[in-house]
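Student: I am new to this structure. Please take me through one part of it closely, the place where the chains meet, and then show me what lies around that part.

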Amino acid sequence: MGIYSVYIISKAGGLIFSHDMSYPQGEGEVEYSRYPVQGLVLEEVDRNIMLKYGEVQNPEITGQPVIQVGYSLVSINGEPVVNKCLPDGRTALSVIDDPSSFPIKLKFKRLKASINERIMLMSMLHSIYAISVRLSPEEGSKGIQCLEAQHYNINCTQTRTGVKFIVVAGKSQPKVPELLRKIYELYSDYVLKNPFYSLDMPIKCELFTANLVKVLDSYERERGSIYSTTTANN
Amino acid sequence: MVAYNLYIFDRNCSCLFYRQWAKVKECGISPEEERKLLYGMVYSLKSLLSRLSPVSTRDGFIGYSTDKYKLHIYETPTGTKFILNTDHKAGDLQEMLQHIYTKIYVEYVIKNPHYKLGTTIDSQLFVKELDNYIQSKPFFTK
């Protein structure tokens with residue numbers, strides 16, 4: 001994968017725009033014939049039930065867990081779990097704790113970050129950006145440009161007015177700094193010149209999103225990858 | 001190229017070791033505060049990267065680069081963190097940090113019978129070996 005998502009943070013640290021090119025993948029099902037469910041620690045996080053500890057390994061391929069920490073419970077015995085409850089009103093955790101509901105089949109999925117979570121993570125990044133300037137061993141550092149994880153990078157750029165553009169991209173994606181400048185260009189053309197847009201407010205400009213998708217597509221194509229685009233409007 | 005400094009933290013946020021090779025900008029707070037700030041930043045970055053990861057929820061944090069410097073981090077399975085600051089021209093230094101861990105830290109600190117886990121490292125031999133290793137690298141300058 002090339003480009004995963006784009007975020008824009010206002011100078012106050014608020015998330016004003018987010019767009020996903022693809023969603024995180026990963027789901028798995030596990031069956032327990034007898035009470036209790038062993039080795040899994042579940043925790044309620046926001047409106048979901050998330051796996052806090054314990055992985056379920058794939059018996060065929062070692063080192064590739066079916067269910068990883070961070071996945072959320074999506075269904076029990078084929079019935080969907082919505083808002084931590086089953087369709088009949090029982091809470092999912094009480095069903096798992098009930099010996100009479102066994103054998104039980106639990107399905108977990110990696111969910112995309114909710115808008116609240118994104119706002120929180122981006123304001124975290126905003127403050128970390130400031131700390132990185134403070135901790136610099138050299139004078140006059142401008143802050144984080146590229147955050148490296150094992151499988152992907154987060155690229156940031158800050159404009160003179162303090163707006164931050166963030167692109168989450170795969171390691172093999174070329175020319176990301178150029179892409180960030182291009183997004184800045186689009187932002188000034190389609191957002192700032194929009195008479196109905198007030199500064200530091202969430203960006204809801206169709207024209208901006210449409211042009212952004214076009215630009216992201218062209219950079220993706222440059223990388224020569226085939227992918228299915230899923231446009232998200234939060 | 002320049003290697004500025006190296007921090008070693010244990011999993012309880014105590015700074016076990018600090019070594020500086022080049023002149024570093026004063027950041028206006030006490031060294032203790034600075035180390036806490038650094039640890040806190042790295043800790044939050046780690047959780048941020050695993051939450052934002054499009055690939056796996058276990059994505060490791062390698063470091064970040066700015067226009068002036070680059071921070072490299074290597075974390076062992078026991079939670080000991082090696083944090084090295086270099087200038088921005090340095091490449092990927094994961095192997096080097098792993099060498100510092102396996103061949104220097106384990107050999108001269110962990111295998112030292114007088115060393116108690118979780119205490120500050122004051123072994124002269126460790127410092128000497130570390131200095132030798134860093135100075136043997138092409139990017140090292142005084």
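**Where the chains meet**

Tutor: Chain A and chain B bury about 3,700 Å² between them, and 60% of that is on carbon and sulfur atoms. Keep in mind that this is a predicted model. The contact draws 43 residues from chain A. Chain B gives 38 residues to it.

Start with the charged pairs. Across the interface of chain A and chain B, the rule finds 2 salt bridges. R51(B) forms a salt bridge with E117(A). Their closest N and O atoms are 2.5 Å apart. Polar contacts can be counted too. Between chain A and chain B there are 14 residue pairs in polar contact, with both residues at pLDDT 80 or more.

Which elements of chain A build its side of the contact? Those giving two or more residues are β1 (3-9), α2 (115-134), β9 (144-149) and β10 (152-158) of chain A. The largest share comes from α2(A), with 11 residues. Now sort the residues on the side of chain A that touches chain B by type. They divide into 22 nonpolar, 12 polar and 9 charged.

β9(A) pairs with strand β3 of chain B, residues 61-66. The sense is antiparallel, and the pairing runs over 5 bridges. To find it in the model, look for L147(A). The bridge partner of L147(A) in β3(B) is Y64(B).

Next, salt bridges elsewhere. Over all chains, the count by this rule comes to 16 salt bridges. One of them joins K107(A) and E27(A), with the closest N and O atoms 3.8 Å apart. K107(A) lies in strand β8 (residues 104-109) of chain A and E27(A) in strand β3 (residues 27-32) of chain A, so this pair ties together parts that are 80 residues apart in sequence. K107(A) has a relative accessibility of 27%, so K107(A) counts as partly exposed. E27(A) also has a value, 44%, and counts as partly exposed.

Another salt bridge in chain A involves K193(A). The place of K193(A) is the loop between α3 (176-192) and α4 (206-223) of chain A. The side chains of K193(A) and D189(A) meet in a salt bridge at 3.1 Å, N to O. A polar contact of 3.1 Å joins these side chains as well. Is K193(A) buried or exposed? K193(A) is exposed, because its relative accessible area is 60% and exposed means over 50%. D189(A), at 36% relative accessibility, counts as partly exposed.

Cross to chain B. The side chains of D131(B) and R19(B) meet in a salt bridge at 2.6 Å, N to O. D131(B) lies in helix α3 (residues 124-136) of chain B and R19(B) in strand β2 (residues 15-20) of chain B, so the pair ties together parts that are 112 residues apart in sequence. D131(B) has 12% relative accessibility and so counts as buried. R19(B) is partly exposed, with a relative accessible area of 29%. Chain B also holds a network. Salt bridges that share partners join K46(B), E75(B) and K81(B) into one network.

Go back to chain A for a hairpin. Strand β4 (residues 41-45) and strand β5 (residues 48-53) of chain A pair in the antiparallel sense over 5 bridges. E43(A) has M50(A) as its bridge partner in β5(A). β4(A) and β5(A) form a hairpin with 2 residues between them. In the turn, D46(A) has a positive phi of about 50 degrees.

Finish inside chain B, at L84(B). The place of L84(B) is strand β5 (residues 81-87) of chain B. L84(B) counts as buried, because its relative accessibility is 0% and buried means under 20%. What is L84(B) in contact with, leaving aside its neighbours within four places in sequence? The residues are N5(B), L6(B), W21(B), K70(B), L71(B), H72(B), L93(B), M96(B) and L97(B). L84(B) and A3(B) are 81 residues apart along the chain, and their C-alpha atoms are separated by 7.6 Å.

Note on methods. Residues numbered from 1 in each chain as written. Chains lettered and ligands numbered in written order. Predicted model: local features only at pLDDT ≥ 70, side-chain atom pairs only at ≥ 80, totals over all residues. Heavy atoms only, no water. Contact = heavy atoms within 4.5 Å. Buried area = accessible area lost by both parts, 1.4 Å probe. Salt bridge = Lys/Arg side-chain N within 4 Å of Asp/Glu carboxyl O. Polar contact = N/O pair within 3.5 Å; in protein donor to acceptor, adjacent residues only side chain to side chain. Helix = DSSP H or I, 4+ residues; strand = E, 2+ residues; numbered from the N terminus. Nonpolar A, V, L, I, M, F, W, Y, C, P; charged D, E, K, R; others polar. Pairing = 2+ DSSP bridges. Buried < 20%, exposed > 50% of the residue type's maximum accessible area, 1.4 Å probe, protein only.
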